[in-house]
Amino acid sequence: MTAEPNEAAVRLTGVSKTYGRGRTAVAALRDASLTVMPGELVAVMGPSGSGKSTLLAVIGGLLTPDTGTVVVGGVEVTALSRGSRARYRATRVGFVFQSLNLVPFLTARENLLLMASLAGTTRTAARRRAGNLLAELGLEGRERDFPGQLSGGEQQRVAIARALIHEPAVLLADEPTASLDTERGYAVAVLLAREVRRRRTAGVLVTHDPRMASVADRVVRAADGSLTETADAKAG
Amino acid sequence: MMGAVNLAIAQLRRAPGRTALLVLVVAVLLFLVQYLAAVSSSLQELNTGALRQLRADLIIYSASSDGSLDASRLPASAVVMAARVGGVAVAQPLGLADFTATGPGGRYELGLIGLGEDPAGRGAPAGPAAAMWPRPASGSLPGPAGALTDTTEVAAGLGTGRRLTLRPGGISLRVTGAASGIRYDGLVTAWTTFGSWARAVRAGNPAGAVLPNAVAVRADPGVAAGVLAGRLAAAVPGSTVLTRSAAIAGVPGAGVLAATFGLLIAVAFIAAVLVVSSVFLLVTVQRQRVWVLLRGLGATAGRLGLAVMAQAVVVVAAAFAAASAALAAVAATSGAAFPVHAPGGLIAATAAAALTGTLLSCILPVRRIGRLDPAAALARPGATALLPARRRAGDRP
Amino acid sequence: MMVIELWRRPGRLAGVTVTMTALAALAVILVSLSSGLWAGATGAIGRSSADEFAFSRDSLGSFARSRFPLTELARVARLPGVRAAGALGTLTTAMSLPHQTVDVAVMGSQFSGPGAPPAALPGRLPRAGEDAAAVDVALRADGVRLGSWLRPLAGGPRLRVTGFVAAGQFELLPTVWTSLATWQALSAAAQPESSSSVPVAQVLTVSLTARARQRQVQDEVSAALGGATVIGRDQAMLAVPGAAAMRTTIAELIAAVLGVAAAVCALFSALQAAERRAELARLRALGASARRLGMTLLAQTGIPAILAVGAAFLLTAALLAAAPPQFPAALPLPDAAGTGALILLAAGAGAIVPVVRAASVDPMITMEEQ
């Protein structure tokens with residue numbers, strides 16, 4: 001069920017999502033369409049309440065849209081049952097959240113192994129990949145540290161490593177640099193873009209910071225639930 | 001591999017202080033349940049041990065006694081009448097009286113049980129005459145003027161060779177051996193031959209008439225106790241015949257005691273389940289951010305529920321071990337006056353109850369995890385989406 | 001503020017309260033059982049008008065093994081400090097009524113002097129030479145009425161009920177008050193080995209003159225009776241078979257339950273405080289004093305504990321109402337109040353350390369978390 005090289009890794013077609021009913025109804029996404037190719041990083045920018053996080057939630061199988069289809073890595077997410085969506089998230093999606101990113105009582109390495117376990121990766125492969133990923137992301141020697149012992153930038157690097165350990169079809173990053181200072185945030189964004197391209201994983205980066213968005217291949221602007229392609233961003 | 005159990009253990013190990021407190025509270029509760037059960041079992045044994053260790057199939061009481069050994073008196077002829085009934089292997093008189101005993105350790109209240117006529121000479125009962133006696137753990141069965149004491153009394157100085165003087169009357173008995181669990185009515189108890197017992201009772205009040213309280217009967221092999229009971233009741237006028245287990249249940253206060261402790265154990269057990277449940281619910285709420293994250297990453301509610309259950313089982317198992325060790329320590333240090341026993345059966349029963357209780361107590365926390373919305377993982381810090389979320393169409397991430 | 005939070009998160013309040021209720025109910029049931037058993041075992045002695053009880057030398061203070069010829073009574077009555085002397089005999093036995101059999105405690109009394117039952121209302125106390133009984137009011141529930149006949153199963157004289165007395169129970173059995181002579185006849189039938197050709201009683205009872213010194217009178221009575229054990233009413237209650245052991249065992253269990261309640265409160269407080277560490281730090285940073293935070297946290301433990309104590313009393317009252325009459329439990333007001341106070345004290349004691357620690361949280365945590 002892997003996508004063909006020229007096939008889009010993520011394809012949203014006519015997706016709408018409304019919260020609430022009647023007079024209190026708020027349209028978070030209106031007829032939104034988006035395509036992300038393997039190895040491509042798309043930045044989604046927009047003010048609060050513009051539908052950015054809803055977009056991530058829909059791609060990640062956390063929310064079911066009211067209309068439209070979402071296909072990720074050849075899997076039609078919108079057709080999955082609730083139980084299958086959990087399996088889908090564990091195997092095909094890599095998440096980097098803004099906060100609550102790491103399990104505080106597990107070490108950096110254990111956080112990676114937990115994700116591999118959820119994805120059903122074998123023990124040997126998981127250990128090998130965890131070691132390699134942490135080394136590649138500059139976390140050698142910090143494997144046994146707990147999240148509380150790591151800096152904010154290091155924690156986000158561990159989160160990126162965790163998002164990649166099961167070789168997902170798509171990596172979804174929700175304001176991953178919001179809690180970091182500008183320099184560290186930018187370094188994390190560059191790292192994210194590098195890994196997406198190197199591993200041929202599709203990436204969607206939600207941010208409100210133009211500097212962070214500049215690392216993406218394309219920038220999509222979200223406003224009142226609609227998505228508008230702005231311009232090709234420069235690779236970072 | 002980071003499975004549910006590993007996740008549970010990692011969480012417990014990361015917060016050793018809190019884990020220790022959890023284990024301590026659960027251990028104290030389990031100890032309370034075990035202690036209540038042990039006290040109940042010990043009281044039953046102290047009150048009824050003599051009847052449990054008496055190796056009789058049936059006991060004949062007077063009809064007016066209402067099944068109480070203390071209240072029963074039979075004519076001496078009842079023994080002969082019972083012995084003649086077909087299917088009876090042995091019938092022996094059984095006597096019970098309280099004395100003040102003077103011996104090693106000072107003066108104390110003593111229950112004296114007399115069983116079986118004196119053997120010829122001064123030897124111990126042997127052959128069929130010994131068939132109904134408790135098996136001595138040390139020493140030998142008593143002959144005339146001899147006494148068999150409970151093994152718990154040996155540590156208090158009532159070992160083989162020691163003498164007891166009974167008041168009133170001044171009769172003296174020499175301890176010949178000890179057997180386990182032979183106390184009656186919670187008193188220090190000595191067993192002697194019925195002849196010696198009768199002499200002690202008569203010495204205490206020469207004006208009184210000495211009668212056996214009951215007749216203990218052993219059936220011939222292959223004879224059903226129920227059938228024999230009917231024959232004996234017909235052969236001994238004014239009697240009621242009970243099996244040994246019915247006689248044990250009929251000991252005054254035994255039923256009330258069992259019911260009362262049963263109630264206390266049930267309430268303590270319910271309290272333990274509620275405490276464990278509340279504690280793990282609180283821990284689940286406290287760790288809700290983690291569970292939401294894991295749900296967002298693709299962990300199923302079942303897997304996380306399993307982790308909570310694994311955590312509860314680990315905590316309860318550790319607490320159970322601690323509680324059992326504490327109970328063993330209490331049992332080892334309990335005095336002869338009120339020995340507390342912790343038999344394997346009791347430990348196994350409380351272990352099974354603890355496991356059942358643990359699984360019951362996980363219902364609420366597991367339900368809570370099942371209700372978490374994985375979309376809350378996208379929430380901003382402090383957002384209300386982290387609060388328990390029922391899946392509603394209108395909820396925003 | 002945190003009290004408001006407690007109300008707005010009713011699930012948590014209910015969880016803690018239900019748990020505390022179970023523990024409190026366990027403690028209250030134990031106390032009611034202790035009170036009921038104590039009253040049932042020793043009530044007749046506790047309500048006795050006698051100040052002192054004399055047990056024969058070798059009886060070790062046991063009613064069953066103690067015995068005095070009644071001729072000793074006159075000698076005791078003449079001793080200085082003794083206002084009056086009486087005698088008492090006890091026997092637990094079964095009596096048959098027209099439709100059922102009841103276990104009773106027969107109390108042999110002289111019906112005058114210390115140790116006699118209170119006046120019979122309604123009816124009267126038995127007269128000298130009459131095989132009759134004044135019985136405890138509890139026997140009305142078994143269908144006993146004035147003029148009913150009680151037939152002892154072990155033999156001996158039948159007893160006609162001449163009155164009802166509120167004299168309490170003995171060895172958890174309703175009391176049946178007869179003359180000493182009748183008691184002796186019933187004892188001889190039930191326990192032939194104890195029969196005697198001369199009038200006897202088990203214990204001699206003494207009431208003291210106003211100026212008597214208790215210790216001195218005890219010594220003189222003991223000497224006059226050849227080394228008898230002479231003890232006050234409270235100690236005589238402990239001499240009732242099984243009473244002392246029962247009281248100690250239940251007291252230990254109550255202590256264990258209170259210990260558990262304290263530990264549970266400590267755990268809940270510690271967990272709640274840990275959960276709110278950041279919130280508490282923010283409040284401290286905003287200027288709330290540690291004392292103020294401590295008091296509100298303590299209130300959060302106290303409110304469920306108070307609710308739990310109330311619920312536990314209601315539960316126990318329902319249980320006592322539903323329990324069969326022979327279930328030996330009672331909850332007099334002083335015992336209930338004492339138990340409630342002890343549970344709240346245990347809850348407070350358990351919560352105090354976590355609360356103090358939580359209230360003194362470093363407000364700098366707020367800054368670190370930014």
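Beyond its neighbours within four places in sequence, Phe63(C) is in contact (heavy atoms within 4.5 Å) with Ile45(C), Phe55(C), Leu88(C), Thr90(C), Phe170(C), Gln202(C), Val203(C), Ala236(C), Ala239(C) and Val240(C). The model is predicted: local features need pLDDT of at least 70 and side-chain atom pairs count only at pLDDT 80 or more, whereas totals for chains, interfaces and linings use all residues. Residues are numbered from 1 along each chain as its sequence is written, chains are lettered from A and ligands numbered from 1 in the order in which they are written, and side-chain values use heavy atoms, with hydrogens and water left out.

**Nonpolar cores**
- Phe63(C) and Ile45(C) touch the most other members of the largest nonpolar core, which has 102 residues.
- Helix H2 (residues 10-46) of chain C gives the most to this core, with 18 residues.
- Another core, of 97 residues, lies apart from it and has among its members Ala57(A), Ala108(A), Ala161(A) and Val292(B).
- A nonpolar core is a set of buried Ala, Val, Leu, Ile, Met, Phe, Trp, Tyr and Cys residues joined through side-chain atoms within 4.5 Å; buried means under 20% relative accessible area, exposed over 50% and partly exposed in between (1.4 Å probe, protein chains only).

**Sheet of chain A**
- An open, antiparallel sheet is formed by four strands of chain A in the order S2-S1-S4-S5; strands (E, at least two residues) and helices (H or I, at least four) are DSSP runs, numbered from the N terminus, and two strands pair if DSSP finds at least two bridges between them.
- Strands S2 (26-36) and S5 (75-76) of chain A stand at the edges with a single partner strand each, so one side of each has no neighbour in the sheet.
- Seven bridges join S1 (residues 10-19) of chain A to S2(A), and Tyr19(A) has Val26(A) as its bridge partner in S2(A).

**Helix H12 of chain B**
- In helix H12 (residues 363-370) of chain B, the buried residues are Pro365(B), Arg368(B) and Ile369(B).
- They cover an arc of only 95 degrees around the axis (taken from the directions from the helix axis to the C-beta atoms), which puts them on the same side of H12(B).
- Their cover includes helices H8 (254-286), H9 (288-297), H10 (301-333) and H11 (344-361) of chain B.

**Backbone features**
- The peptide bond from Arg167(B) to Pro168(B) is cis, with omega near -5 degrees.
- Asp31(A), in strand S2 of chain A, has a positive phi near 50 degrees and is exposed, at 57% relative accessible area.
- Glu175(A) also has a positive phi, of about 45 degrees, but counts as buried at 6% relative accessibility.
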